[in-house]
Amino acid sequence: MSEHDLVKLRLSLMGRPVRNYTFNKPVISVGRDPGADVYVDNPGVSRDHFRLERTESGEYQVVDLGSANGTFLNDQMVNAAVVRHNDVVRFGKYTLWVAYEADRRAVVREDSAEATGTAGHTVVLSRTEIGNILEHEKRQSPASPPARSVPLSVPSPSQPLSPDAEPEWPSFWPSLVVGFISGSVFGAGVAWLLMHH
């Protein structure tokens, strides 16, 4: 398991699901202590009943903390034992089903940061900086030429269009896209400046 793996726990009381938990931390405490990660308010559960500790392999081991009624892993009483995927820890009238799962969000965040070359930082610009950027854009973009119509290439009836053929686009479409984006950015900046004055 990698460092991004999650442990998922399903707490059940006498076979009825009570609550689901997801953790990515080295130690998970379970007991009647209100500060426990998995808090169970039941007299059959000790204040500090047991904890799950992550091992070097990435799996967790259950460690009984001297509980009055004991901790059971797959119906075997244990003091300490490695918990595998789909194992069940029983304590008092409660069971805790354990599953391991990859943290997809962390992988997506890493991939996104690598693709953009950033570590996920947000850049905050002042009004002056935004104004300078907009002014620079305004000076850099030449005046838009008057719109002209350019016909698309259409095959003649004697030349049927093959399924793999792609239509020919006018050569100025990249300029239109850039102009549209620049105009949108400029308009959004102006609107933001007007709203915050």
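## Exercises on a predicted model

The chain exposes about 13900 Å², and carbon and sulfur atoms supply 56% of this area. The model is a predicted one.

**Exercise 1.** Describe the secondary structure of the chain and its order along the sequence.

Solution. Step one is the inventory: three helices and 11 strands. Step two is the order, which reads β-β-β-β-β-β-β-β-β-β-β-α-α-α.

**Exercise 2.** Work out the strand order of the six-stranded open sheet and name its edge strands.

Solution. The strands of this sheet run in the order β2-β1-β11-β10-β7-β8, with antiparallel pairing. β2 and β8 (76–78) each pair on one side only, and these two are the edge strands. On average, neighbouring strands are turned by 30° against each other, direction ignored. Val89 stands opposite Leu96 in β11.

**Exercise 3.** Find the residues with the most contacts inside the largest nonpolar core, and the element that gives the largest share of this core.

Solution. Begin with burial: 26% of the 197 residues of the chain count as buried, meaning under 20% relative accessible area. The largest nonpolar core has 24 residues, and Leu9, Val38, Val62 and Phe91 have the most contacts inside it. Elements that give two or more residues to this core include β1 (5–13), β6 (60–64) and β10 (88–91). β11 supplies the largest share, four residues.

**Exercise 4.** List the contacts of Phe91, leaving aside neighbours within four places in sequence.

Solution. With those neighbours set aside, Phe91 is in contact with Leu11, Val30, Val40, Val45, His49, Phe50, Gly70 and Leu96.

Terms used. Residues numbered from 1 in each chain as written. Predicted model: local features only at pLDDT ≥ 70, side-chain atom pairs only at ≥ 80, totals over all residues. Heavy atoms only, no water. Core = buried A, V, L, I, M, F, W, Y, C linked by side-chain atoms within 4.5 Å. Buried < 20%, exposed > 50% of the residue type's maximum accessible area, 1.4 Å probe, protein only. Contact = heavy atoms within 4.5 Å. Pairing = 2+ DSSP bridges. Axes fitted to C-alpha atoms, helices over the stretch in contact; angles between N-to-C directions. Areas by Shrake-Rupley, 256 points an atom, 1.4 Å probe, with all protein chains shown as cover.
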